[in-house]
Amino acid sequence: MKTIIESNENYSVIDLTLEYENWTGKERYGVVSELEQSYVESTFASELEGYAPYIFMDSSFLEIRREFKNNEKKFEMRMLRDTTTFDYDSGLIEQEYPEIALPDFSKEVCEMIEFEKKLSCLTNIEKKRIIQFCKHQFTISEIAEEEGISKASASRTIARAIKKIKKFWKMG
């Protein structure tokens, strides 16, 4: 939409209602010039009379406006380039391209939450060692070496933890 109504070497006239979508000011037009306002108004009074009341703006406004419009076009082009055909939340991407869909981890998350609940009856040391043993597949020797304890101590702690879990959750 063209917002510059008139333009010559001395000034340009902009329709502010077209330039700014929600414009509510009493001035409908803006006069933009590099020249002094008093000179433009006295020299071109008869030509500008039809645009009164108007706002007088420095010529830097046109440069700022041009930069803004260019940035808006760049943004619009990026949006067109980067927007997919399918909405991310619709599930259509997964249906059309199953090879790029992320796996559903909800089952694993539920299992982890259940595992954490089962560990709630343990002390922090027992919890740490049983997680290393069961979840991370550490051997008794590796746990003992990492913590600087005997293998027997690590083994007793893990056995006690398993016994507590079974008793607490009535698993056997």
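Predicted model: local features only at pLDDT ≥ 70, side-chain atom pairs only at ≥ 80, totals over all residues.

Q: Let's zoom out, how many helices and strands does the protein have?
A: There are 9 helices and 4 strands, and along the sequence they come in the pattern β-β-α-β-α-α-β-α-α-α-α-α-α.

Q: How much of the protein counts as buried?
A: The protein has 172 residues, and 23% of them count as buried. As for contacts with a separation of 6 or more, 46% are between residues 24 or more positions apart.

Q: New topic: how many aromatic pairs are there?
A: The count comes to 3 aromatic pairs. One of them joins Tyr29 and Tyr51 in an edge-to-face arrangement, with 5.0 Å from centre to centre and 70 degrees between the planes.

Q: Where do Tyr29 and Tyr51 sit in the chain?
A: Tyr29 belongs to strand β3 (residues 29-33), whereas Tyr51 is in the loop between α3 (45-48) and β4 (54-58), so the pair links parts of the chain that are distant, 22 residues apart.

Q: Are those two tyrosines buried or exposed?
A: Tyr29 and Tyr51 are both buried.

Q: Switching to helix α7, how many residues does it have?
A: Helix α7 covers residues 124-135, which makes 12 residues, and its span of 16 Å from first C-alpha to last is close to the 16 Å expected at 1.5 Å a residue.

Q: Which residues of α7 are buried, and what covers them?
A: The buried ones are Glu126, Arg129, Ile130, Ile131 and Gln132, and their cover includes α6 (106-118), α8 (140-147) and α9 (151-169).

Q: Why does Gln132 count as buried?
A: Gln132 counts as buried because its relative accessibility is 7%, and the cut-off for buried is under 20%.

Q: What does Gln132 touch, apart from its neighbours within four places in sequence?
A: With those neighbours set aside, Gln132 is in contact with Gln137, Phe138, Ile143, Glu146 and Glu147.

Terms used
Residues numbered from 1 in each chain as written. Heavy atoms only, no water. Helix = DSSP H or I, 4+ residues; strand = E, 2+ residues; numbered from the N terminus. Expected span 1.5 Å × (residues − 1). Buried < 20%, exposed > 50% of the residue type's maximum accessible area, 1.4 Å probe, protein only. Contact = heavy atoms within 4.5 Å. Phe/Tyr/Trp six-rings, centres within 6.5 Å; stacked < 30°, edge-to-face > 60°.
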